[in-house]
Amino acid sequence: MANKNKEIFGQPVWVNNPVVVQILGICSALAVTAQLKPAIVMGLSVTVIVALANVVVSLLRKTIPNRIRIIVQLVVVAALVTIVSEVLKAFAYDVSVQLSVYIGLIITNCILMGRLEAFAMQNGPKESLLDGIGNGLGYAAILIIVAFVRELLGSGTLFGFQVIPQWCYEHGYLNNGMMLMSPMALILVGCIIWVHRAQFKDLQEK
Amino acid sequence: MATKEFKCKVCGYVHKGDKAPDICPVCKAGASEFEAVKKGLDTNSNIYTVVYAAVMVVIVAFLLVFVSDSLKERQQANIIQDTYKQILYSLNIREMGNVAETYKSTIEGDYLMNADGSLKQLSNDEFCTKYKSEFKSGRLHIFKANVDGAVKYIIPVNGLGLWGEIWGYVALNEDRNTIYGTYFSHASETPGLGGEVGTQYFQERFIGKQILQNGNVNLSVVKFGQAKDGVYEVDGLTGATITSKGVNSMLNDVLSAYKPFFNGNN
């Protein structure tokens, strides 16, 4: 059982990563990864929300009418996101300003619906919690990798601090403005998928 | 309820008893074709679905109302605190201990501009955080501040960037012309590009610039690197043309409404 739980938790972090394997949550991965800070905050918020939503839906799973299950899942997610957003506004105002629109974007994150539908509807609350945290962290990991590259090459900074020294600029180095555009995030996610598939050959499509 | 029900999957015949019959009396199918009919709530029935949805919506609605209501006061306090902070940022006070105390000791009062440019002081209870609707309804706020003995005026501004609202505060020297400091913020500009309006280095470009030229508001935010030496042009943001233009029209639109104040002496 312990091994199984470890697998539920560990698999989605890299081997069965929601972003690079299931290709879920790409839209927000493009939107928030121009800088590291929002990427990390978004990654953590999604982790919290997907874990909570997984537990709630898993507890309700036997009572949910089959025909409106997607709606029920959506209501659970939307309610949780709204509550988290309200609580942040009251107790961590700076974080909520930092998150601004992204917190609303969590509702539309496909990872949530994907995990609720594929996992929480069939499994108990404990496994669902682990699955939610695992998937959230997997998503956060990809966000952080993409944001690291984009902020470093796009603005020459990390967490807002200048890391590329001034003399580089004096010798003709330029920040790559392309990196700050969303398409580059897609290309970077593509590169990560490439590395991932090189490691796990059985996932390659013929 | 002692007996169970078994339904024939072939013809739909329902048999009552402890176990499935060997042969279906209607279609002669074997016992393996029978399945137990579940007792209890049928989660697929229409009534269950409708009731479930209704109950769920009511519960969620009450939960949200409860959460929002119980946190409202704290949220409002945070918003006021944040507005204080933004106003102080425009005075180049970026580090502060207690926000409310710093605000009280720096800002002398919140005023409304009358049509002739004179000011009417508002009481502390009238402190407001929604300057966009205030501006639209013609209530033109001006804050009077005292920084190390010098009088400063702060004007809240708001406008549109590329994706959403941008807003800020412009602090003027006593001559009602030279910019002492600015603060801008945004709702959803692109991080790293338009989002840079919220950064200190951009806001400091405005310091020392003048807003009035021959009695009219004329301060332009131009393409980066094109600001000529002078006091009426400010470098915009690289890669964020529309946001820069938004800042430009925000400043000109809002500040123009304050012309009577700039040109008056009262």
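Tutor: Let's start with one term: a residue is called buried when its relative accessible area is under 20%, exposed when it is over 50%, and partly exposed in between (1.4 Å probe, protein chains only). This is a predicted model, so local features need pLDDT of at least 70 and side-chain atom pairs count only at pLDDT 80 or more, while totals for chains, interfaces and linings use all residues. Residues are numbered from 1 along each chain as its sequence is written, chains are lettered from A and ligands numbered from 1 in the order in which they are written, and side-chain values use heavy atoms, with hydrogens and water left out.

Student: Okay, what percentage of chain B counts as buried?

Tutor: Of its 266 residues, 44% do. In chain A, buried residues make up 47% of 206.

Student: How do I read the radius of gyration of chain A?

Tutor: The radius is taken over C-alpha atoms, and you set it beside a globule rule, 2.2 Å times the number of residues to the power 0.38. Chain A has 19 Å, close to the 17 Å that the rule gives for 206 residues, so chain A is as compact as a globular protein of that length. Its C-alpha atoms fill a box of roughly 65 × 50 × 30 Å along the principal axes.

Student: And what is the value for chain B?

Tutor: Chain B has 33 Å, whereas a compact globule of 266 residues would have a radius of gyration near 18 Å. The box for the C-alpha atoms of chain B, again along the principal axes, is roughly 105 × 45 × 35 Å.

Student: Where do the two chains touch, and how big is the area buried between them?

Tutor: The size of an interface is often given as the accessible area lost when the parts come together. Here the loss is summed over both parts, again with a 1.4 Å probe. Between chain B and chain A about 2300 Å² is buried, and carbon and sulfur atoms give 65% of it. On the chain B side, B:Y52, B:Q75 and B:P191 lose the most area to chain A, together 23% of what that side buries. As for touching, 27 residues of chain B are in contact with 27 residues of chain A.

Student: Can we zoom in? Which residues does B:L193 touch?

Tutor: Leaving out residues up to four places away in sequence, B:L193 touches A:L180 and A:M181 on one chain, and B:L237, B:T238, B:G239 and B:A240 on the other. B:L193 sits in the loop between β9 and α4 (200-204) of chain B, and it counts as buried because its relative accessible area is 10%. B:G239 is 46 residues from B:L193 in sequence, yet their C-alpha atoms are 5.9 Å apart in space.

Student: Where is B:V254, and is it buried or exposed?

Tutor: Look in helix α5 (residues 241-256) of chain B. B:V254 is buried, because its relative accessibility is 1%. Among the residues that B:V254 touches are B:F135, B:P156 and B:V157. B:P156 is 98 residues away from B:V254 in sequence, with 8.4 Å from C-alpha to C-alpha.

Key:
Contact means heavy atoms within 4.5 Å. Helices (H or I, at least four residues) and strands (E, at least two) are DSSP runs, numbered from the N terminus.
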